[in-house]
Amino acid sequence: MQRKKVSKWVLILTGAVGTLLVTAFGVAAAGNDYRFAQRAVQIPVDEGHLEGVLTTPQDRSALGLVVMVHGDGAVDATQGGLYSPWFEGAAAAGYATLSWSKPGVGGSTGNWLDQTMDDRAAEVSAAIDWSLTQPGVPTERVVLWGASQAGWVVPKIVAAREDIDGVVAVGTAINWLSQGRYNLLADLEHEDATDAERALAIARSDALRELLARNASYEEYLDEHLAASPGETPMTPDRWAFAARNFTVDATADLQDAALREIPVLLLAGEHDRNVDMRETETVYRSIFGTHLTVEHVDAVHSMARPLVDGNGVVGYLTAVFWPRAVFAPGVIDAYTAFLDQAA
C-alpha cells in the first residue's frame, strides 16, 4: 500500500513538472516569435567583408532602410538577439533593417579595436553604398540608428552624405573624457563609495588620462595599472591602443555639420543612465538641432533596459529567454516605431 502511495505522488509530481516545462516552452516560443523576416548578407569592404543580417516586414513592402551603428564592444549583427525588438519595431513602421557584426566578430574580417571613429563612419558609409546597389534593399529612405559610442560616428556620416533621412540616437554622448568621468562618478554613487574610495578612483582615472595625454606606451600603462590596481584586470594591448586613438573625440563639431542637413532626429534618453550624462547630451542636441529634435525620456538604463532587468541577474536572464521584448523599458520601441512612421 505504501509503495502505491509513493508511486502516485511520483506520477503527480512528474505530471506537474511536465506541465510546467510545456508551459515554459510555450511562453518562450511566443515571446520569441517576432514579426519580421531575416536573411544573412555579406557586405564587401576594403579590408575583406562584414557578415550581417537584413530584416524586412513580413506583411508589407518596405518603405525604407534603418542602418544600425553599434555602440562599444564586440557586437555581432543581432547583439545576441537583443536587437530583435528593434528589428520588429522598424518592421512595424514598414522599414527594413541592415546590421552587421563588427570587424573581427563572428564571420566579419578585421579587428574593430583597430578603428578610429572616422574608420567606423567610413565602414557604415561603405555599407550604405553597398545597399544602394542591391536589388530588394529598400533605400528610398535611409535612417541611421546609433547607440552609445555611435554618437561619435553617426554625425560624421550625416554631415558627409546627402541621402540620410533621419537619425535615432540611443544614449549617445558628447565628449569621450567627460563621458568617462560621468560614468565613474555615477558608478561610485551607485555603489555608495566612501570619500576615500571616491578619491582613490578619481586619482587613478586622472593618472590614466595623463598617460593617454602624453601618448604613453602600453608597457607604461601596464606598470602604472599594476602598481595602482594590482587586483584588477588591465586593458589588453588592443584595447589600450583603441583608447589612445579615440580618447580626444568630441561630437559637437560633427553634430553642427550634421544639423545643416535639417533632418529629423530622435534622442532616446534613459532616466537611469549611469554611462552617459543624458542631460548634457540633450542640452547640446537641443541647442544644435532645435525643432528638428524629438527627445523621449524613458524609465531605462543606458541600454534602454528596464532598471529591474538590468540590476537583477536572474530577472534579466529569465526575461531575455522567455519574453525578450520586456527587456526594454515601456515606450522605447513604441517611440522608435512612431518616429519611423513620421519619417516615412
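Two residues are in contact when heavy atoms of theirs lie within 4.5 Å. In this predicted model, R245 is in contact with L113, D114, Q115 and T116, leaving aside its neighbours within four places in sequence.

**Around R245**

R245 belongs to helix α8, which covers residues 237-246. Its relative accessible area is 36%, so R245 is partly exposed. R245 and M117 are 128 residues apart in sequence, while their C-alpha atoms are 8.8 Å apart in space.

**Helix α9**

Helix α9 consists of residues 252-259, and within this helix D254, L255, A258 and A259 are buried. Seen down the axis of α9, these buried residues fall within an arc of 140°, so they line one face of the helix. Among the elements that cover them are α4 (154-160) and α10 (278-289).

Not counting residues up to four places away in sequence, D254 touches P155, K156 and A159.

How many of the residues of strand β7 are buried? The strand spans residues 265-270, and six of its six residues are buried.

β7 pairs with β6 and with β8. The table lists both pairings.

| Strand pair | Residues of the partner | Sense | Bridges | Opposite residues |
|---|---|---|---|---|
| β6 and β7 | β6: 166-170 | parallel | four bridges | V168 and L266 |
| β7 and β8 | β8: 293-298 | parallel | six bridges | A269 and H297 |

**A nonpolar patch**

Which residues make the nonpolar surface patch of about 380 Å²? V314, Y317, L318 and V321 make this patch. L318 is found in helix α12, which runs over residues 313-322. With a relative accessibility of 42%, L318 counts as partly exposed, because this class lies between the cut-offs of 20% for buried and 50% for exposed.

Key
Residues numbered from 1 in each chain as written. Predicted model: local features only at pLDDT ≥ 70, side-chain atom pairs only at ≥ 80, totals over all residues. Heavy atoms only, no water. Patch = residues over 30% accessible without salt bridge, like charges linked within 9 Å, V, L, I, M, F, W, Y side chains within 5 Å. Areas by Shrake-Rupley, 256 points an atom, 1.4 Å probe, with all protein chains shown as cover. Salt bridge = Lys/Arg side-chain N within 4 Å of Asp/Glu carboxyl O. Helix = DSSP H or I, 4+ residues; strand = E, 2+ residues; numbered from the N terminus. Buried < 20%, exposed > 50% of the residue type's maximum accessible area, 1.4 Å probe, protein only. Arc of directions from axis to C-beta. Pairing = 2+ DSSP bridges.
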